[in-house]
Every structure is written in C-alpha cells, then in structure tokens.
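Here is a brief report on charged side-chain pairs in a predicted model. Please keep the sequence and structure at hand.

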Amino acid sequence: MGKRDDLIAQYADDLRNKCGMEPDMNLLRKVTIGCGPAIYNADASTVAATQQSELETVKENFLIKKLGLADGPQLMDAINQVMDTYGRSERNKYRAVVYYMLTKHFGKESVYG
C-alpha cells in the first residue's frame, strides 16, 4: 500500500472511532484525492477549528467553490456541526475527514462522480 492508502485508512479510522460513522470508502478515497498534495503536508492536512480564518477558508474554497453551495449562515453552521462531531478537543482534525463529512452533510456526493 502507498502513503495515500495509509492516510485513507487513518481517515476511515477517525470516521469510525472519533465521529461514530461508517465511511463510504469510495467517497472517502475521492475526497482524499480531491485534497491533492495537501494531505502530505502536516499543516495543510489538518483544519485548525479554533481559527476563524481557517473555517472561512473551508467555507469559501470547499463548500462554495468545490461543492457549489450558495453562501449563507447554514454553511458555517454545518462546519461547526462537523467540528462538534469530530470533537472540539481532537487536536488533529484531518481536512479529508472534515471535507468528507461536509460532503455527506449537504448530500453532494455527486460532485465526486
């Protein structure tokens, strides 16, 4: 297995054990690939839930640009719900896991074909 496969397995483990959901491995793989090289960078691979600017970046670059959602308070509400599900005290919130949960939340799996 390659490094990406190892990371996908780690993300699936987080979804099961920290978020209490059984991952759709096909979708998780596509979301992870969609994150590009960021998954290999220690800083870029995680989402800093305590930084408002980071949450705005998730909203702008992922929810609006990637998923094609209209801006509104529901977007930040969804991000906060995901952060609560992941666990606010959880130090490493992986970007691919956060994006996966947001994709599921908004029913936008079709974006990943």
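Glu56 is partly exposed, because its relative accessibility of 31% lies between the 20% and 50% cut-offs. Its salt-bridge partner is Lys59, with the closest N and O atoms 3.6 Å apart. Lys59 is buried, because its relative accessible area of 10% is under 20%. Both residues sit in helix α3, which covers residues 52-66. Three residues separate Glu56 from Lys59, about one turn of the helix.

Lys59 also meets Asp71 in a salt bridge, at 3.2 Å from N to O. This pair links distant parts of the chain. Asp71 lies in the loop between α3 and α4 (73-86), whereas Lys59 belongs to helix α3.

Where does Lys104 find its partner? The Lys104 side chain forms a salt bridge with that of Glu109. Lys104 is partly exposed, with a relative accessible area of 35%. Glu109 is partly exposed too, at 28%.

| Salt bridge | N to O distance |
|---|---|
| Lys59 and Glu56 | 3.6 Å |
| Asp71 and Lys59 | 3.2 Å |
| Lys104 and Glu109 | 3.7 Å |

Salt bridges also join into a network: Asp14, Lys18 and Glu90 are linked in this way. The count for the model comes to nine salt bridges. Side chains of opposite charge can pair when their charged atoms come close.

Methods
Residues are numbered from 1 along each chain as its sequence is written. This is a predicted model: local features need pLDDT of at least 70, side-chain atom pairs count only at pLDDT 80 or more; totals for chains, interfaces and linings use all residues. Side-chain values use heavy atoms; hydrogens and water are left out. A salt bridge is a side-chain nitrogen of Lys or Arg within 4 Å of a carboxyl oxygen of Asp or Glu. Helices (H or I, at least four residues) and strands (E, at least two) are DSSP runs, numbered from the N terminus. Buried means under 20% relative accessible area, exposed over 50%, partly exposed in between (1.4 Å probe, protein chains only).
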